[in-house]
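Here is a short report on one protein model.

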Amino acid sequence: MMELHNCPTSATPIVEQATESDIPALVAVWWDAFSSDFIRRIFSQTPDGRRWLERAFVKNFEPTSGSRAPETKCLIVRCSDTGLPAAIAVYRIVPAGCDPAQLSWRARWPPFDDLPDISEDVLAGFFDSMDRTQTYLLGDRAYVYLEALGTMKTHRKRGYATALIEWGTDLADELGVECYLDASPEGRPLYEANGYVEQDVSAVVEKQAGPSMIRHKKGQA
């Protein structure tokens, strides 16, 4: 695994789009940022898990297929010392009337049939309820979906996550749409500070790993 150094604090984190050459470092950021036992059951830190994440990032860089498909943006903040990604956000920019099949987790994430360490039952148990809540809350409206946000442990408390969140809220304000995400309990206060509000989804799911949250359109209560 490549060596990752701590880096000095930057006054203004710079958000940029990741590239395919960043993929090895993106996997390292993902594994470091999402390292709880619960998440490691879903994103296995094994050779198969690495291959699946690498495929996922490659898929994120593919062009949008059709006007009713979501557009993916994989964004990073780099460590100014090493130039390597230290924080990552994956956004899906969902158009009005988006084809539901294009928005499902099986469409967003790559195949894994040849990867024995990746369990469809585990993935479905994690993603299916989030797909249901997203459809329930947003229907066929346009919105900006923050699917993943993570910062390496040694780079936290430097505004990287806030900068990545603000990229999405600024885009949503520009487009005149809502923002949506499924928060971790730890991340919830940061999202609330950026205008996200927890939603009641008890009509469609009994138990969630974390709250479903919406940031309303600019100027809308």
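Buried means under 20% relative accessible area, exposed means over 50%, and partly exposed lies in between, with a 1.4 Å probe and protein chains only. At 19% relative accessibility, Gln199 therefore counts as buried.

This is a predicted model, in which local features need pLDDT of at least 70 and side-chain atom pairs count only at pLDDT 80 or more, while totals for chains, interfaces and linings use all residues. Residues are numbered from 1 along each chain as its sequence is written, and side-chain values use heavy atoms, leaving out hydrogens and water.

**The sheet**

Helices (H or I, at least four residues) and strands (E, at least two) are DSSP runs, numbered from the N terminus. Two strands pair if DSSP finds at least two bridges between them. Here seven strands make an open sheet with mixed pairing. Their order is β1-β2-β3-β4-β5-β7-β6. β1 (15-17) and β6 (197-198) stand at the edges with a single partner strand each, so one side of each has no neighbour in the sheet.

| Pair | Sense | Bridges |
|---|---|---|
| β5 and β7 | antiparallel | four |
| β6 and β7 | antiparallel | two |

Met213 in β7 is the bridge partner of Leu181. Glu198 also stands opposite Met213. Both faces of β7 are covered. Ser212 and Ile214 are buried on one side, Met213 and Arg215 on the other.

**The helices**

Contact means heavy atoms within 4.5 Å. Axes are lines fitted to C-alpha atoms, for helices over the stretch in contact; angles run from 0 to 180 degrees between N-to-C directions. Helix α1 (residues 23-33) lies across β2, β3 and β4, at about 95 degrees to β3. Helix α6 (residues 120-138) packs on the sheet and touches β4, β5 and β7. Its direction makes about 155 degrees with that of β5.

How far apart are the end C-alpha atoms of helix α7 (residues 160-175)? They are 23 Å apart, which agrees with the 22 Å that its 16 residues should span at 1.5 Å a residue. The expected span is 1.5 Å times one less than the number of residues. Buried residues of α7 include Tyr160, Leu164 and Leu171. Just after α7, Gly176 takes a positive phi of about 75 degrees.

**Back to Gln199**

Where is Gln199? It sits in the loop between β6 and β7. Leaving aside residues up to four places away in sequence, Gln199 touches Leu137, Ser212, Met213 and Ile214.
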